[in-house]
Amino acid sequence: MKNNLVAKSNDLIVASYELTRNEQRLLLACISQINSQPNASEITMQDEFVVTTEQMKELYKDSSKDNVYRDLNVVANNLFEREVKIALPDNEMLRTRFVSSVLFQPEKSQITVTFAQKILPYLTQLKKNFTRYRLADTVELTSIYAIRLYEMVVCWQGQNRWSETIDLGEFRYMMGCVGKYKQFGQLRQSVIEKAVEQINENTAYHVSVKYRKIKHTYKSVTFSFYKKGAISLTDDKGALSLDKIKRIVRSAQFTSDYNDHQLLSVEARDSNEAFWAKAEQLIAESPKEFTKRPFDDYLKIKTD
């Protein structure tokens, strides 16, 4: 199950909901069983998704203990009660649940879940504006806020954005912690910095954070992030340097090295501009695709 893919509409990524760590784990284990490809069979409320205690033990080290089924039972009961709020066009708001039913099967040490009808369009037959990552990418994240922030980072990266500024009120809403951590120091320590620390230690991303303060009140938070393989592409503040990337891809040597790259060859035939635009995106997303020479070498060469 670790290699299963989790796919969500971007609207669901930034939706507001409150889950515990184990509720999120159970939800992701179920979502990862859905085929989200555009041509996949339609998922309905009749489709069932099974999660066993053995799967949870395999996924999460801290589940390898006695009474795993009892704990799974409690978590499933709580997940059944959870709601999610999804912002819609025209200032509309959808309020729904994640799951519509849970079948408890103690003799098989498993539970069977069906999803709520209104949540299904955000999980299946996704054609655009969605985020996908491997379930294994989040198994080492023990903070629910780290999982939520990780999903947001992957979502922003998929839109070729490498920093994002969010009003603190909106951030609290997206993280499902409105009314909690009322003091900024608590929010920073228990939510933001803990999430950033876990992402940096346990995922392929590096995230840095800064805060904007007006007079005596903190107003917003800015997250900057990049794939760890892109460390040489960062600026003196630790953020991804888009200026460096632009200079690299416009190097005549880079064009010579990669104009036959399987992901760039079509663009190279079309125009320089198309090649550059695609190369910028790929370097930011997957720097390890480009290993013929160090990135710094291209920065020393005169660009076109």
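This is a predicted model: local features need pLDDT of at least 70, side-chain atom pairs count only at pLDDT 80 or more; totals for chains, interfaces and linings use all residues.

Modeller: Residues are numbered from 1 along each chain as its sequence is written, and side-chain values use heavy atoms, with hydrogens and water left out.

Biologist: What span should the 14 residues of helix H11 have?

Modeller: Helices are DSSP runs of H or I with at least four residues, strands are runs of E with at least two, and both are numbered from the N terminus. The expected span of a helix is 1.5 Å times one less than its number of residues. For H11 (residues 272-285) this gives 20 Å, and the end C-alpha atoms are 20 Å apart, which agrees.

Biologist: Which strands form the open sheet, and in what order?

Modeller: Two strands pair if DSSP finds at least two bridges between them. Here the order is E2-E4-E5, with antiparallel pairing. Strands E2 (16-17) and E5 (92-97) each have a single partner strand, so one side of each lacks a neighbour in the sheet. E2 is joined to E4 (residues 83-88) by two bridges, and Tyr17 has Val84 as its bridge partner in E4.

Biologist: Which residues of H11 are buried?

Modeller: Buried means under 20% relative accessible area, with a 1.4 Å probe and protein chains only. The buried residues of H11 include Phe275, Trp276 and Glu280.

Conventions:
Buried means under 20% relative accessible area, exposed over 50%, partly exposed in between (1.4 Å probe, protein chains only).
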